[in-house]
Amino acid sequence: IIECMMEFNDELFIGTNVGLIRKIEDKFILYNEFTSNTINSLCVFKGQLLIGANEPQGLYIYNNDKIEKGNVYIDLIKKDSTIINEDDITINHITTDNERLVIARYGTTYIINNNQIKIIDRHNGLTQSRIKDLLIGNEGSIWVSIYSNGMAQYIEKPFISYLKRNNYGGAAHSIYVDSNNNIWAGSSYGLFYKKATNLSFRKIDPTREFPQCKKGSVWSITEDHLNRIWFSIPSGGVFYYKNRSYYKLKINKEKLLNQGYNDETASSILMACEQPRCMKIDELGNLWIGSFTYGQKREGGGVTVFNEKLEVTNYFNEENGLNFNHIICLYIDSYKDLWIGSYKGINRIKNGIIENISFFKDSSTTIYSIKEDSDGNIFASSNNGFYKLILNDRKIDTVLHYDEINNGIMSNVIYSME
């Protein structure tokens, strides 16, 4: 009966119920000097072939045609204070990710790394049964197959890093989880998509897959009430994904003029939607887009509002009350007011009216992120620390400022918070 197989030094080793078989070309060599010749598992770790035999303390090392006791690992396992009888150390399975060695016996899994051992047992939720198989997943978690009791997953590290091996790259500008629990990540390298059931991302190049898009850096992602996924690409435009296709948000200047916008404002709206920075969807399904300005004349910028039919319903800029046209962030609070962070502070749009909030020590304070706490207070992070706006009946009652000089913050420049 063949229990397991492993290639080692270009030779095939076979674990059976009668011992270990080594295949050299067409020749087979049997090693049956074990106390129990049933071999449960084989594993190559640090240039050695480890052998798990179905016997007390049955861990062996094959090296240079010799089989020796793996006492270096058995001695580490003996540190397990729950072991009453050392004869209970029967190896069910062994595996490795070339950094950690994982050894399983009845009801317990051991993780060995740099001569340190970590014990995973019933105290960690592992069922007290024979372990049939072990697997270390691509994300680093350890999967344990339990005889007649299903499967368990142990995540040793609370954070999983998605790097090149997961097909992800670039500076992450925006991360969004859609209504189907899929992850969309906007990066300086483009757009990355990970289905809820996958471990790796799929890279999407906007310059190839988005219509009429010349840039690939995705800065903001959101989803509307019609399940359209929206993307903002500075110097590229505003795009959305629907029914497995990508579309560009198109604006007709003639239509804007017919709506009553003058030529200058209509041109600003067109330019603003080519330089989008941030987006929000309100409770009515309207799409709010905050934009950069560009050029020495600071053309474009401001905040443009679209309804679900993708028609422009409003446009806010310095001409009608914003403190600055270069928009960095947007936030809709629990009262449905829109907060706008720019290169020169904060505005709030409440009941359609722009309110210029000026309480900063420096008029050039740049607001990078705005959030609300459970008490309805507003937090704003900036290049001068962060601010807490205590609201009373939607009116700003008190402003608290926290910085590196007075409050121990490591840096006054705070780009994001949650």
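**Entry 1**

I started with strand β21 (residues 229-233) and strand β22 (residues 237-242), which pair in the antiparallel sense over five bridges. For my own record, strands are DSSP runs of E with at least two residues, numbered from the N terminus, and two strands pair if DSSP finds at least two bridges between them. Before going on, I noted that this is a predicted model, where local features need pLDDT of at least 70, side-chain atom pairs count only at pLDDT 80 or more, and totals for chains, interfaces and linings use all residues. Residues are numbered from 1 along each chain as its sequence is written, and side-chain values use heavy atoms, with hydrogens and water left out.

Back to the strands: W230 stands opposite Y240 in β22. The hairpin of β21 and β22 has three residues between the strands, and S235 there takes a positive phi near 65°.

I followed β22 onward and found four bridges joining β22 to strand β23 (residues 245-248), with the two running antiparallel. K242 has S245 in β23 as its bridge partner. This hairpin, β22 to β23, has two residues between the strands, and N243 takes a positive phi near 55°.

Y240 came up again when I looked for charges over rings: R228 lies over its face, at 5.7 Å from the ring centre. The test wants NZ of Lys or CZ of Arg within 6 Å of the ring centre and within 35 degrees of the ring normal.

**Entry 1: aromatic pairs**

Next I looked up ring pairs. The rule takes rings of Phe, Tyr and Trp (its six-membered ring) with centres within 6.5 Å; planes under 30 degrees apart count as stacked, over 60 as edge-to-face and the rest as tilted. How many aromatic pairs does the count come to by this rule? It comes to 21.

I picked out Y31 and Y62: the ring centres are 5.8 Å apart and the planes sit at 70°, so the pair is edge-to-face. Y31 lies in strand β4 (residues 27-31) and Y62 in strand β7 (residues 59-63), so the pair ties together parts that are 31 residues apart in sequence. Are these two buried or exposed? With buried set at under 20% relative accessible area, exposed at over 50% and partly exposed in between (1.4 Å probe, protein chains only), Y31 counts as buried at 6%, and Y62 counts as buried at 4%.

Then I checked W184 and Y193, whose ring centres are 4.5 Å apart with planes at 50°, so this pair is tilted. Both W184 and Y193 are buried. Ring pairs also link W184 and Y193 into a cluster with F210, F231, F239, Y241 and Y246.

L49 stands opposite Y62 in β7, and β6 and β7 pair in the antiparallel sense over four bridges. Their hairpin has five residues between the strands, with Q57 at a positive phi near 55°.

F45 stands opposite Q48 in β6. There are two residues between β5 and β6 in their hairpin, and K46 in the turn has a positive phi of about 50°.

Why is β6 called largely enclosed by the rest of the structure? Because five of the six residues of strand β6 (residues 48-53) are buried.

**Entry 2: positive phi in loops**

Most residues other than glycine have a negative phi. E25 sits in the loop between β3 and β4 and is exposed, with a relative accessible area of 67%. The flanking strands, β3 (residues 19-24) and β4, pair in the antiparallel sense over five bridges, and K23 has F28 in β4 as its bridge partner.

D393 is another such residue, with a positive phi near 55°. The loop that holds D393 runs between β34 (385-392) and β35 (395-402), and D393 is exposed with a relative accessible area of 64%.

**Entry 3: a surface patch**

Last, I looked at I2 in strand β1 (residues 2-8). I2 counts as exposed at 55% relative accessibility.
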